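This report goes through one protein model, from its core to its side-chain pairs. The sequence and the structure come before the text.

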Amino acid sequence: MSDDSLKNLNAYEHSYSDESFWEKVGKIALKAGRKVIRVALLLYYVLQDDNVPMTKKSLIIGGLGYFISPIDVIPDAVPVVGWTDDFAVLYGVYKVVAEYVTPEMEQRADEQLRKWFD
């Protein structure tokens, strides 16, 4: 994901809230798949960490806002490929903030995934 693409995520910040995140994830977890949801959860947990700089949090909010927004490059309803753009955006943001992911965050994400997928 290019720097320009990451900067464009600011347009999606208005779509993000904690409530809208959990609502979206709860509705689409099984459709989107474990990989997409794991990255979304990790970003959410990084966002909650007080030690993460605001510049990184702003990027996460934009990425999660894109994920939440009903307006996508590839509509989520398109079978098989509908979540690829969401995953690309989330993973691009994840790569930028991965240094802030702790083992505890990974454990929380994996516990939540087990509740939904196992």
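This is a predicted model: local features need pLDDT of at least 70, side-chain atom pairs count only at pLDDT 80 or more; totals for chains, interfaces and linings use all residues.

## Helix H4

Helix H4 runs over residues 54–68 and has 15 residues. From its first C-alpha to its last it reaches 20 Å, close to the 21 Å expected at 1.5 Å a residue.

Buried residues of H4 include Lys57, Leu59 and Ile60. The stretch Gly62, Gly63, Leu64, Gly65, Tyr66, Phe67 and Ile68 is buried as well.

## The nonpolar core

The largest nonpolar core has 36 residues, and Phe21, Ile37, Leu43, Ile60, Leu64, Phe67 and Leu90 touch the most other members. At least two residues of this core come from each of helix H2 (18–32), helix H3 (34–48), H4, helix H5 (84–97) and helix H6 (103–117). H3 gives the most, with 11 residues. In soluble globular proteins, nonpolar side chains tend to be buried together.

Leucine 64 can be followed in detail. Neighbours within four places in sequence aside, leucine 64 is in contact with Tyr16, Phe21, Ala40, Leu43, Tyr44, Leu47 and Leu90.

## Aromatic rings

Eight aromatic pairs are found in a search of the whole structure. One of them joins tryptophan 22 and tryptophan 116, a tilted pair with 6.4 Å centre to centre and 55° between the planes. Tryptophan 22 lies in helix H2 and tryptophan 116 in helix H6, so this pair ties together parts that are 94 residues apart in sequence. Tryptophan 22 is partly exposed, with a relative accessible area of 29%, and tryptophan 116 is partly exposed at 25%. Phenylalanine 87 and tyrosine 91 form a stacked pair, because their ring centres are 5.7 Å apart and their planes stand at 20°, an angle under the 30 degrees that counts as stacked. These two residues both lie in helix H5, four residues apart, about one turn of the helix. Phenylalanine 87 is partly exposed at 22% relative accessibility, and tyrosine 91 is partly exposed at 37%.

Ring pairs also link Phe21, Trp22, Tyr44, Tyr45, Phe67 and Trp116 into a cluster. Two lysines lie over ring faces: lysine 24 over phenylalanine 67, at 5.9 Å from the ring centre, and lysine 35 over phenylalanine 87, at 5.6 Å from the ring centre.

## Salt bridges

A search of the whole structure finds three salt bridges. Side chains of opposite charge can pair when their charged atoms come close. Lysine 27 and glutamate 23 meet through their side chains at 3.3 Å, N to O. These two residues are four residues apart in helix H2, so about one helical turn separates them. Lysine 27 is exposed, with a relative accessible area of 60%, whereas glutamate 23 is partly exposed at 43%.

Which residue forms a salt bridge with arginine 34? The partner is aspartate 118, with the closest N and O atoms 3.4 Å apart. This pair links distant parts of the chain, since aspartate 118 is in the segment after H6 and arginine 34 is in helix H3, 84 residues apart. Aspartate 118 is exposed, with a relative accessible area of 65%, and arginine 34 is partly exposed at 37%. Arginine 38 and aspartate 110 form a salt bridge at 2.7 Å, N to O. This pair too links distant parts of the chain, with arginine 38 in helix H3 and aspartate 110 in helix H6, 72 residues apart. Arginine 38 is partly exposed at 25% relative accessibility, and aspartate 110 is partly exposed at 25%.

## Two residues of helix H6

Glutamine 107 is found in helix H6 and is partly exposed, at 46% relative accessibility. The C-alpha atoms of glutamine 107 and leucine 42 are separated by 9.6 Å, while the two residues are 65 residues apart along the chain.

Arginine 108 also has its place in helix H6 and counts as partly exposed at 46% relative accessibility.

Definitions and conventions. Residues are numbered from 1 along each chain as its sequence is written. Side-chain values use heavy atoms; hydrogens and water are left out. The expected span of a helix is 1.5 Å times one less than its number of residues. Buried means under 20% relative accessible area, exposed over 50%, partly exposed in between (1.4 Å probe, protein chains only). A nonpolar core is a set of buried Ala, Val, Leu, Ile, Met, Phe, Trp, Tyr and Cys residues joined through side-chain atoms within 4.5 Å. Contact means heavy atoms within 4.5 Å. Rings of Phe, Tyr and Trp (its six-membered ring) pair if their centres lie within 6.5 Å; planes under 30 degrees apart count as stacked, over 60 as edge-to-face and the rest as tilted. A charge sits over a ring if NZ of Lys or CZ of Arg is within 6 Å of the ring centre and within 35 degrees of the ring normal. A salt bridge is a side-chain nitrogen of Lys or Arg within 4 Å of a carboxyl oxygen of Asp or Glu.
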